[in-house]
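Here are a few exercises to work through with the model open. Try each one before reading its solution.

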Amino acid sequence: MGRFCLACPALISLPSSAYNIHVNGVLHCRVRYSQLLGLHEQLRKEYGANVVPAFPPKKIFTLTPAEVEQRREQLEKYMQAVRQDPLLGGSEIFNSFLRKAQQETQQIPTEEVQLQVLLSNGQKVEVSILTSDQTEDVLEATASKLDLPDDLVGYFSLFLVRETKDGGFSFVRKLQEFELPYVSVTSLHNPEYRIILRKSYWDSAYDDDVMEHRVGLNLLYAQTVSDIERGWILVNKEQHRQLKSLQEKVSKKEFIRLAQTLKYYGYLKFDPCVTDFPERGCHVVVSAGNNELNFQVRLPSEQIKEGSFKVTRMRCWRVTSSVPTTNGPAGSGPGKAEVKLELAFEYLMSKDRLQWVTITSPQAIMLSICLQSMVDELMVKKSGGSIRKMFRRRASGGLRRSDSQQAVKSPPLLDSPDGSREPIAKLSSKLSSVSLRGISHSSSAGDVGSNDFHGNYAFEGIGDEDL
């Protein structure tokens, strides 16, 4: 399954035959045809010609403008196909290629640096890393600095966020294995972009694993308090009184247990955006959690309604992007290019009736990543597995460690709940659970090609009893 939107929107210049690869509309790296051909040959050698998609052939003569555009389209399709293949897209060959290209494009030499990672309560953690350390290295270094045990590291992830004017955070994306976190954040040349540590699972039952250890408990507690403070978790006055009492008693586990019963616990809330459901042009606030996308929609009549789309009823989804053909320099920030991103998913509205729902948002890729991780977690749980994992040690040796471990500070006491928040009206037509088995996967006229969307392998495999 594909995990990110890759776009090669334009040929930078004909003589160099260089292509820009964008992630979230931001320049990730610049590569030449010969480099991509070298990647292709490595993949063929490792996995076989029958596994790796066809690569655009070399041309003996100089390409015409039409052929240049045709090659760009072919290369983009090739990179998307590789990335969306679980074997190829998750391979170290592919990911190391993108990491190396990212470092070379941004011209950041390999050296030891201090990287600041934020916790949910605003606490800053300084970790000593190399500029060439990948996401897993930085996550492990952060966990070590906090004294979080190795078998709990897999419950957390690093996220690229942008600080908002009100002191909160807007989530840009989960940092992936194909990137170097230090390079990703510094190349944006904007102090508003930060890296934050946050839990990366959806099922609150996994909280029990995290709360077994002191540091895991403190991280989860700090995140829960933060989510309540910013209004992501809804509380009434009585619940707020109980929470504040538990906080004053430093009863962290009891605090989390009570929070687990509250609406939107464990959800990620996204910035206001636009949707075509229930009608085109509606403003919406989307939240992801509990194996669903929750919509709080403002209708053209100004009425606010709420409804949820279960991930198990999404047949497939796709992310599309529109990137300008004129690209700025490597350090260009995302605000310099008007990139339009859309997430569209095909949803089982009722028995045998599928409908596309589209969200237009700069956070579309982050939404797609959330959907994919929900599906992954559902399938792991269905197979009886666990998300607990040990991080591998590399042959090149362990990371440098600080002798002093950094404790997670307790957050301040909760402020009073915001009584001005608008009440939400329930949708009159509730999306009820129906059987997922036996729905045809044949393409309709409105469908896109198989290389363009993410098929949901939890769709048919989970019936009413699992919803």
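**Exercise 1.** Is cysteine 29 buried or exposed?

*Solution.* Cysteine 29 has 0% relative accessibility, so it counts as buried (under 20% relative accessible area; exposed is over 50%, partly exposed in between, with a 1.4 Å probe and protein chains only). Next take cysteine 273: at 7%, that one is buried as well. Now look for disulfides, meaning pairs of cysteine sulfur atoms within 2.5 Å: the whole structure has zero.

A note on the source: this is a predicted model, where local features need pLDDT of at least 70 and side-chain atom pairs count only at pLDDT 80 or more, while totals for chains, interfaces and linings use all residues. Residues are numbered from 1 along each chain as its sequence is written, and side-chain values use heavy atoms, leaving out hydrogens and water.

**Exercise 2.** Work out the strand order of the open sheet, then find its edges.

*Solution.* Start with the order: β5-β4-β8-β6-β7, five strands with mixed pairing (strands are DSSP E runs of at least two residues, helices H or I runs of at least four, numbered from the N terminus; two strands pair if DSSP finds at least two bridges between them). Then zoom in on β4 (residues 112-118) and β8 (residues 193-199): they run parallel, joined by two bridges. Leucine 118 has isoleucine 196 in β8 as its bridge partner.

**Exercise 3.** How many residues of α12 are buried?

*Solution.* The count is 15 of 19, so α12 is largely enclosed by the rest of the structure.
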